[in-house]
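This report describes selected local features of one protein model. Please consult the sequence and the structure shown below while reading.

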Amino acid sequence: MESQNTESNADNAGPSVPASCAGETNTEAPTMESVESKVTLRQRSSAWEHFKKTKDNNKGKCNHCGAVVTIRSRTGVNTSTMLKHINRCRKLHPELEDDIVAGKRFKQGTLMNQPKKTEVVASYLKYDKDDCRKSLVRMIIKDELPFRIVEKEGFREFIYTLQPRFEIPSRRTITRDCFSLFLEEKKKLKMFFEKHKGSVSLTTDTWTSVQNINYMCLTAHFIDENWNLQKKILNFCQILSHKGVVIGKMIERCLVSWGISRIFTITVDNASSNDVGIRFLRRRLQSWGTSVLNGEFLHMRCGAHILNLVVKDGLEENKASISRIRCAVRYVRSSPARSNKLKECLTHLKLGSSVGLSLDVEARWNSTYLMLESALKQKKACDMLELEDERYLVELGKLDGVPTESDWEYAKTYLPILKFFYDATLKVSATKHVTGNSYLKEVFGVGLMIRKMSLNKTDPNQKAMATKMKAKFDKYWGDVDNMNLVIFVACVLDPRYKMKFVTWLIRENYGSGSDSIAETLVFKVTKVVEKMFDYYNDKFGSSKETSDAEAFNFSQVNAEAVEIYDLDSLMEQHETSEENSVYQSELESYLGESCVSRLDPNFDVLVWWKKVGSKYRILSLMAKDLLAIPVSSVASESAFSTSGRVIDPYRSSLTPRTVEALICAQDWIRSDYEKISLEDQFRQLEILEDEFSNSNDYGMLVNGVSLTLEEEE
């Protein structure tokens, strides 16, 4: 054991001294046995897990790449050369090859022995100040952090602990870096659109910030070559006003700057200014000559906005009942003491207090649905609160009064109807998957429900509500000439539905009969399907187009030599006619095949078209453009939620140019993200608070603070 301790300190104490001669001066040369003993001891180094000795015992061979290094010195075996090689071995670390090709240089790393593993991991990834600075810029953009964070004491302390050598850039430098990243990503996206062969559908909306500046958001929707639905914010720019012509000119300017000319549809809400803007854009696109079918189907009305108008008209019928329930919810949420009082009632009734009441925004019916849903779950607690809290009656008596039993029954009766609208709105407002193929089913499903409610004779309130809803619904879906029939075509190109389902759905909503609206609509949809197929066939088919000049020259030649027949030309015409008939049969073949099962919940229409693209070449190009059409403008409206966080009252000095760079760059570099729900966050906080209060330490602390506050009051 003494000899081992002496040997372990050899590196620090100079040449080793044999244990048998300790305390004496050894003038003899080391024997072969002592050297071999030292070699055996030094083989305990972790380097020997990656090396083996050669036959002459003077060199070591790498087990991974076969490199040979010298391992023996005057004092015995030296493992330092092996350790250096392990850090640089490209077979052991293939990532080094890519980094070397990319021009990155690495200094010598260190070896770290993991306590639970015998494998040696090389720390070859070294500090790179440029990469660290880029990551900081991406973090600020992705997480919507203020530029001033780089000057905060806590952030600088954290960075110094993480990497003392990193020089934190100033706020102005970070601003310039963010804008540079925006320009870099914009260049990449612009190069993509130059190569993109399909059409692009747009959504747009306007917004006024806390700076009192008008902004317009323009979002592009398309399906790429791998059949993935893409959504990219093109511009988030300042506009002078919300007038239609101003919006139209700004959209034209944005499209020109991006080099995008093949526009299929533009989805907007139902504001009258948008109608003016669409008419302006249609004329401009017609002059470009690049829009699909000369811009005939350019104007797409926001489906979520139409559903919103329909349900709001229905809720007006029983406005007083909703108002009384809203006042009760507002009373409970107005102070912590009242909320705690309701929780006590819930605990007494053994109903649980993990879910709180949700107060709605009167202008948004979907929040009204969520409010009624939460209030109905706590209806008994609200009734008990009426007995336990005297101020509950006094405060509500000053307004519309306490909710009555008829009010609660009304909410209970119409909650399923509102849920139907709520679910339909969520489906048509989705941005991560296609909605054009399912929009028709959702909207006409709402129409069927309204129609059945209007025939209800047992509930006059429900009938009156349905009558108002039906009047608003027919305003947008009762006039055949006012519909954008491209939505019907998108449904036809869903292999689960096709033309049979569309025909049945139309007749169910509009009735049957030779002179009915249904038959007129079915006829128009059929013609539009054929017309659109012919357009794509002419544009992307293999048949060659003959220019007017070529046609004129050809007629002149035939007039001069009538009896001379060009057999090659005649054969080419014959082949062209055959090809056209084949393309026509492609549509007939698709419609003639049986539909795919609608019972499969995992069916993906884009995956299906990707698989059959070689079989239906023209139809797949049609489907790629039609299925990318957004049926709501939520994609552009959601950008305003982000902008509201970016341009908060504390960052109101941001210029419009910087705002656009932050909003667009975030959309381009973020792979995926979830929307922020304040209600969900509040519920999670309440759950955490209950969990903390159940623990002894935190519970005593909270209770002590509560008692102190009560004493002060």
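Lys498 is located in helix α21, which spans residues 498-510. Helices here are DSSP runs of H or I with at least four residues, strands are runs of E with at least two, and both are numbered from the N terminus. Although Lys498 is not a glycine, its phi is positive, at about 60 degrees. Lys498 counts as buried, with a relative accessibility of 2%; buried means under 20% relative accessible area, exposed over 50%, and partly exposed in between (1.4 Å probe, protein chains only).

A positive phi also occurs at Leu293, where the value is near 50 degrees and the residue is again other than glycine. Leu293 belongs to the loop between α10 (272-288) and β12 (299-301). At 13% relative accessibility, Leu293 counts as buried.

## Basis of the model

The model is predicted: local features require pLDDT of at least 70 and side-chain atom pairs count only at pLDDT 80 or more, whereas totals for chains, interfaces and linings use all residues. Residues are numbered from 1 along each chain as its sequence is written, and side-chain values use heavy atoms, with hydrogens and water left out.

Strand β1 (residues 51-53) runs antiparallel to β2, and three bridges join them; two strands pair if DSSP finds at least two bridges between them. Lys53 has Gly60 in β2 as its bridge partner. The two strands form a hairpin with five residues between them, and Asn57 in the turn has a positive phi of about 65 degrees.

On pairing with strand β3 (residues 68-70), β2 is again antiparallel, over three bridges. Here Gly60 stands opposite Val69 of β3. β2 and β3 form a hairpin with five residues between them, and Gly66 in that turn has a positive phi of about 85 degrees.

## A negative surface patch

Glu530, Asp534, Asp538 and Glu588 form a negative surface patch. Patch residues have over 30% relative accessible area and no salt bridge, and like charges are joined within 9 Å; a salt bridge is a side-chain nitrogen of Lys or Arg within 4 Å of a carboxyl oxygen of Asp or Glu. Helix α22 (residues 517-540) gives the most to this patch, with three residues. Glu530 lies in helix α22 and is partly exposed, at a relative accessible area of 33%.

Conventions: Patches are made of residues with over 30% relative accessible area and no salt bridge: like charges are joined within 9 Å, nonpolar side chains (Val, Leu, Ile, Met, Phe, Trp, Tyr) within 5 Å. Accessible areas come from the Shrake-Rupley method with a 1.4 Å probe; for residues, only the protein chains shown count as cover. Lys and Arg count as positive and Asp and Glu as negative; His and the chain ends are not counted. The place of a charge is taken as NZ of Lys, CZ of Arg, CG of Asp or CD of Glu.
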